[in-house]
Amino acid sequence: MSDKCYLEIDGKKIELPIKKGTVGPSVIDVRDLYKNSGYFTFDPGFTSTASCQSDICYIDGDKGVLLYRGYEIEKLAEKSSFLEVAYLLINGELPNKDKYIEFSDAIKNHTMVHEQIRSFYNGFRRGGHPMAMMLAVVGALSAFYADSSNVNDPKEREISSRRMIAKVPTLAAMAYKYSIGQPFIYPDNDLSYCENFLHMCFAVPATKYKINKSVSNALEKIFILHADHEQNASTSTVRLAASSAVNPFASISAGFSALWGPLHGGANEAALNMLKKIGSVKNIPEYIKKAKDPNDNFRLMGFGHRVYKSYDPRAKVMQKACYEVLDALGKKNDEVLKVALELEKIALNDDYFIQKKLYPNIDFYSGITLSAMGFPPEMFVVLFAVARTVGWIAHWSEMYSDPLNKLNRPRQLYIGKNKREFVDQDKR
Ligand code: CMC
């Protein structure tokens, strides 16, 4: 394959280098295009744009492949733990036993949050969305941990990374507890990362939370599946914010904002709400018809993906975890699950969905699973964010060691008015 290509503009031939990755599409390096031609590239939605180089995560959307640092997602979900995957994503290799112990002990060291952070929650309305609280309190960490905010110091970057991985679950559980009017539960460092999260969410001072191994194992899988997904909207947002060299807590809080939307991390909440609204298998054809109607903006939530044009590999693992949890909790006859299974069957055999390559994505089954575990729909995206914090941190750390890293500043195709005279108000 060639290592350059040519573009002819206004009679001028411009050479553009081609850069090859390990696998996946090569890229045409257009960095000097404006300098050499006076033209920008135009790609709203970034469907043909590689915004950076990265060695963290690889997706083959046509084949339905997802690799973290070269390891298949299915294998990691089966054999690894969330903290081990966090180490892998951030450091590039799976840890040996000593490294794992050092890393997990360090995370445990940071699970508590400054006591004054508790008072932040009192400022929120009880019925406020927990993700709204998360945006604020994650950003507010910068007011408490300024001693690890210097992004140019690798040691401070490591400390702030570990602080966020440890504290985000604590903050998420606090947001949940506040929203249901229960007292906050302190972390228990004798528990694993996922067990501790369940404990902080579901224990009350009067009654201990009894860990159900099937539930904590499924949560481990859910967190692994959600940990990273290359340059998605929230990760790109974190990178863009971080490119200004702002402190790490502010950058990660920007990721929370971008993730919240129903087209991204909010889809699992939207998918469960949709399944509940459909309510019964007999109503499915009506909703399939709505999804296909070009004049109706209804979409089947939990279906379709910008990159996967085949079955989302995470959805397969998620479907299995979903059955395991429902089985362990005796909820296999759940009506929502019946609707989901039938909807999936019908959609996978329908021409509209086949032609547009719309397969179930991870969010289709994660909502049902999290709901069975006892989480209300508004917490689904918060759980996604707890897991994705690790991916955001991996990309954020990578950025700082990349010599190509510079302030992200896209340009535009201006379609507004040209220069014109100001008209005084009484003459308009
Ligand atoms: N139901 C019905 N039609 C759909 C759907 C859907 N879920 N998704 C896409 N389409 C149609 C869409 O109407 C369009 O049709 P046409 O070409 O006739 O205008 C065509 O498929 C292409 O859609 P698009 O919006 O241009 O495709 P996109 O790549 O921009 O969208 C998506 C990707 C995920 C935003 C979209 O599939 C969607 O809205 N899905 C529902 C929301 C959802 O489940 N999001 C979670 C994504 S996975 C979690 C994550 O990684 O963040």
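Modeller: In this predicted model, the part to begin with is a hairpin formed by strands E4 and E5, with four residues between them. In the turn, glycine 64 has a positive phi of about 70 degrees. E4 covers residues 57-60 and E5 covers residues 65-68; the two strands run antiparallel and are joined by four bridges. Within this pairing, tyrosine 58 has leucine 67 of E5 as its bridge partner.

E5 also pairs with strand E6, residues 71-72, again in the antiparallel sense, here over two bridges. Leucine 67 takes part in this pairing too, with glutamate 72 in E6 as its bridge partner. The hairpin of E5 and E6 has two residues between the strands, and arginine 69 takes a positive phi near 50 degrees there.

As for the whole, the protein contains 18 helices and six strands. Its radius of gyration is 23 Å, close to the 22 Å that the globule rule gives for 428 residues, so the protein is as compact as a globular protein of that length. Along the principal axes, the C-alpha atoms fill a box of roughly 75 × 65 × 55 Å. Buried residues make up 49% of the 428 residues. Of the contacts with a separation of 6 or more, 71% are between residues 24 or more positions apart. The protein exposes about 22200 Å², of which carbon and sulfur atoms supply 51%.

Methods:
Residues numbered from 1 in each chain as written. Predicted model: local features only at pLDDT ≥ 70, side-chain atom pairs only at ≥ 80, totals over all residues. Heavy atoms only, no water. Pairing = 2+ DSSP bridges. Rg over C-alpha atoms; globule rule 2.2 N^0.38 Å. Buried < 20%, exposed > 50% of the residue type's maximum accessible area, 1.4 Å probe, protein only. Contact = heavy atoms within 4.5 Å. Areas by Shrake-Rupley, 256 points an atom, 1.4 Å probe, with all protein chains shown as cover.
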